[in-house]
Amino acid sequence: MAALRSKEAVAVRRRDEGEGVSGGAPGPPGPAGDDVRLPGRDAERDRARATDLITEGIQGAGPAEVPGRLCAVAVKLLPVTGASVSLRSDGMPVQLTASNEQAAHVAEIQATLGDGPCMEAAHTGAPVLAGDLDGDRDVGRWPVFAQQATEAGVRAVYSIPLGSDNVCVGTLDLCSDTPGELTNGELSTARLVAGVMTVALMALPREEENGLSGNGPWLSGLVGDHDEVYQAVGMIMVQLGVGADEALARLRGHAFAHGRTALEVAHEVVSHRKRFGRDR
C-alpha cells in the first residue's frame, strides 16, 4: 500500500463548498504567472488526498479490522454521516461492520425488508444513489424503506457494489442526515474506497482455509450475530416444513409486522422464545 501514498494534501471537496464537478468559480486574479487550477488537476489532487487518507486509515490494521477502518475513512472523505458494509449471501445482506449505530440500523432495515438501495446495487452491480428519501422519486422506488430510514434520521443513502464487473460480493452503504446528490468527484472517491474494500475482503481467509466445511456464510467469524439468522431460517424450515426462501420470507414478514429487525426475531427463534406455527 506504500505506493498509494502521496505527498499532496488537498482537502476533498464537499457539496457545501459550492464547487461543481469541474471546480468552483475562479477567485480574485493573482500575480502574473500564477498556475490556473484546471478541472483535471483538481481531480488528481482529490484522488491523491483520498488515497493518502485510505492508506493512513488502514495502516497497521489486521485483516479483520480493515473493513471497519475503511468505513471510518469514507465518513471523513465524503459528505456522509455513516457507512456500513454488507455481504451478499443467500438472498439476505449480511452486515459486516458499520461506522455508527445509525448506519448499522439502516443496513438492518434493508436486510429485514429485502428492499432498498443496497439490495438493488447488489442485484445490478451498479451504484444506486438515493439523494432524497423524502422526495417523490426515492419514495416511489422504496416506499417502506424510505419511510423507515427517514424515521431514523437518514435522508440520503448511496450504495456502491463491491466486487468485479462479473461478481458482486456485497455493498458499501453510505448514509447522510441531509439530502443531496454526490458529485462526480465524490462518486469517484466512493468507488475508490469500495475498490480497496473489495481487495481487503477478498484477502481475508475463507472458511475452507480454516478447515471448515465451507457451507456457512462467507468470511468465517466476521459476521458475528448474523450467523443466528441462518440458524433461525433452518429452524423455521423445520417448524413449517418449507424451503429456505419461504422461511426467510416468514422471518422478514414477522419482523416487519412487529416493528422488529430480522436479526432481533432470529435471536428469539434461536433461543426458543419464538416458534413459527403452520397456522400463523
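**View 1. Asp132 and its partner Arg155.** At 28% relative accessibility, Asp132 in this predicted model counts as partly exposed, a term that covers values between buried (under 20% relative accessible area) and exposed (over 50%), with a 1.4 Å probe and protein chains only. Asp132 forms a salt bridge with Arg155, with 3.0 Å between the closest N and O atoms; the term denotes a side-chain nitrogen of Lys or Arg within 4 Å of a carboxyl oxygen of Asp or Glu. The pair links distant parts of the chain, 23 residues apart, with Asp132 in the loop between β3 (128-130) and α5 (136-141) and Arg155 in the loop between α6 (143-151) and β4 (156-163). Helices (H or I, at least four residues) and strands (E, at least two) are DSSP runs numbered from the N terminus. Arg155 is also partly exposed, at 23%.

**View 2. The salt bridge between Arg137 and Glu181.** The closest N and O atoms of Arg137 and Glu181 lie 3.8 Å apart. Arg137 belongs to helix α5, whereas Glu181 lies in the loop between β5 (168-176) and α7 (184-203), 44 residues apart.

**View 3. Asp138 and Arg141 within helix α5.** These residues form a salt bridge with a closest N and O separation of 3.5 Å; Asp138 is buried at 1%, while Arg141 is partly exposed at 33%. Salt bridges that share partners join Glu120, Arg137, Asp138, Arg141 and Glu181 into one network.

**Notes.** Residues are numbered from 1 along each chain as its sequence is written. In this predicted model local features need pLDDT of at least 70 and side-chain atom pairs count only at pLDDT 80 or more, whereas totals for chains, interfaces and linings use all residues, and side-chain values use heavy atoms, with hydrogens and water left out.
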